[in-house]
Amino acid sequence: MNNMADSNNNIILFDMAKNEMFDINDNLKILRRKLQGSYTIAINKHEITVDVLNGVQLVVFGAPRAMFSEAEFNCLHKYIDLGGSVLVMFSEGGEKELHTNINYLLEEFGIMVNSDYVLRTHYYLYFHPKECLVKDGVVNEAVAKYLDRENENPSKCISFVFPYGASLNVAKPAAPILTSGSVAYPLNRPLCAFYSASKYSNKAKKGKLAVIGSGHLLTDKYINWEENDKIREILFDFLITNNITLNEIDANDPETSDYKMVPDIGMLSSRVRTCLQLQESLNNTGHFLFSADNINSLIDTKLCSLNTTMLPDTVEAYKTLNVPHNQLQLIPPTFNDTLPALQFAVYPPPFQELSSPFLELFDLDSIFGSEKSSLANLAKSCLETKSSEKTIEDNINQFIIDINDNLEIIDHISDSKKIIQTCT
């Protein structure tokens with residue numbers, strides 16, 4: 001393998017031999033169009049060897065989903081030592097989800113991808129919690145200098161969407177570049193890291209390595225979201241050119257938070273007295289001590305348990321107390337007061353009033369009408385009555401009887417002749 005620092009070839013090799021999730025011919029088409037103007041795109045579908053990497057300026061692994069052999073790791077390590085550049089993209093879940101072992105190589109350069117998920121803790125602009133919008137995730141001033149935004153707050157000089165990705169663990173000689181900021185979880189953890197064999201100087205080109213926890217950021221769907229395309233420029237300019245020189249102070253002491261694990265709530269909920277995990281103890285300085293090493297010692301599962309260890313002593317207690325050891329039976333309850341005690345009413349009890357009369361059953365005309373109107377109604381009813389059984393004489397007799405009832409001439413009589421004789 002020739003010394004890559006002296007190579008003038010502008011070849012970017014996209015590896016597809018490990019069943020990569022991100023394919024340059026599938027979901028990285030926009031990225032390919034942006035690179036084709038200045039570089040030659042090549043694809044590798046075979047095992048990584050010295051001959052495959054010879055003359056290649058940059059090797060890209062788009063979230064490999066297969067295992068690397070030891071010979072391939074040695075070849076890649078030698079390739080970086082001789083001045084080559086490598087870009088490794090990951091996805092959510094890290095190695096555990098991708099079923100690969102590339103962390104074995106990355107750990108030699110101080111980088112490790114965690115098997116976790118980066119989530120945004122509350123909704124803002126983007127609906128899915130794994131599409132994290134980060135606005136304060138820059139931890140190296142070299143990014144602000146590259147973007148010519150040195151007058152702004154360096155941590156907020158660029159905003160980007162980090163979709164479906166994992167966080168990183170970064171140690172020297174590598175340096176974190178982007179973090180999850182103050183909103184996404186895990187809080188303020190590295191999302192992108194750089195390694196340069198030139199120890200952060202812009203001298204002769206040396207081998208470089210860049211790792212980003214979300215390859216989705218460069219896919220066709222997300223590359224134009226926010227300023228993700230600026231992240232693409234930073235990645236490839238760092239790996240291929242000498243335009244980016246990392247700030248040595250920020251690289252040696254990055255402003256990142258410790259990786260804090262969330263307890264397994266499902267497991268702790270099945271433990272007895274789980275609140276004992278928060279037991280507090282003091283050291284010589286008066287500060288509380290608590291770590292994952294002593295969490296099991298703080299949970300006492302023997303205070304409350306279900307077993308038969310006390311059964312022999314319980315049976316022996318019957319003999320000691322002279323109590324017959326019989327099977328328990330139901331005891332019928334006895335109540336002294338069958339009814340609640342009576343109390344004097346403060347106010348007189350309200351009784352239900354009678355309902356109002358049904359006015360539609362009353363003939364108001366017969367009650368409030370005059371005698372002339374009553375006689376007129378009776379004559380009208382007799383004239384309108386048409387029946388084959390009744391004659392005119394019958395109608396006249398009935399008319400005289402009704403008049404007697406209304407005018408109360410003679411009480412309790414139904415003979416029309418007597419009524420006429422009485423009136424005459």
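Strand 1 (residues 11-15) and strand 3 (residues 58-62) run parallel and are joined by four bridges. Both belong to an open sheet of seven strands, ordered 2-1-3-4-13-12-10, in which the pairing is mixed. The model described here is predicted.

**The sheet as a whole**
- Strands of a sheet pair through backbone hydrogen bonds, in either a parallel or an antiparallel manner.
- In the order 2-1-3-4-13-12-10, strand 2 (40-44) and strand 10 (175-179) stand at the edges; each has a single partner strand, so one side of each is left without a neighbour in the sheet.
- On average, neighbouring strands of this sheet are turned by 20 degrees against each other, direction ignored.

**Strand 1 and its partners**
- Within the pairing of strand 1 with strand 3, Leu-13 is placed opposite Val-59 of strand 3.
- Strand 1 also runs parallel to strand 2, and five bridges join these two strands.
- Ile-12 faces Ile-41, a residue of strand 2.
- From strand 1 the chain passes through helix 1 to strand 2, forming a right-handed β-α-β crossover.

**Helices on the sheet**
- Helix 1 (residues 29-36) packs on the sheet and touches strand 1 and strand 2.
- The direction of helix 1 makes about 135 degrees with that of strand 2.
- Helix 7 (residues 228-240) lies across strand 1, strand 3, strand 4 (85-89), strand 10, strand 12 (190-196) and strand 13 (208-212).
- Relative to strand 13, helix 7 runs at about 160 degrees.

Notes: Residues are numbered from 1 along each chain as its sequence is written. This is a predicted model: local features need pLDDT of at least 70, side-chain atom pairs count only at pLDDT 80 or more; totals for chains, interfaces and linings use all residues. Side-chain values use heavy atoms; hydrogens and water are left out. Two strands pair if DSSP finds at least two bridges between them. Axes are lines fitted to C-alpha atoms, for helices over the stretch in contact, and angles run from 0 to 180 degrees between N-to-C directions. Contact means heavy atoms within 4.5 Å. A crossover is right-handed if, with the strands pointing away from the viewer, the path from the first strand over the helix to the second runs clockwise.
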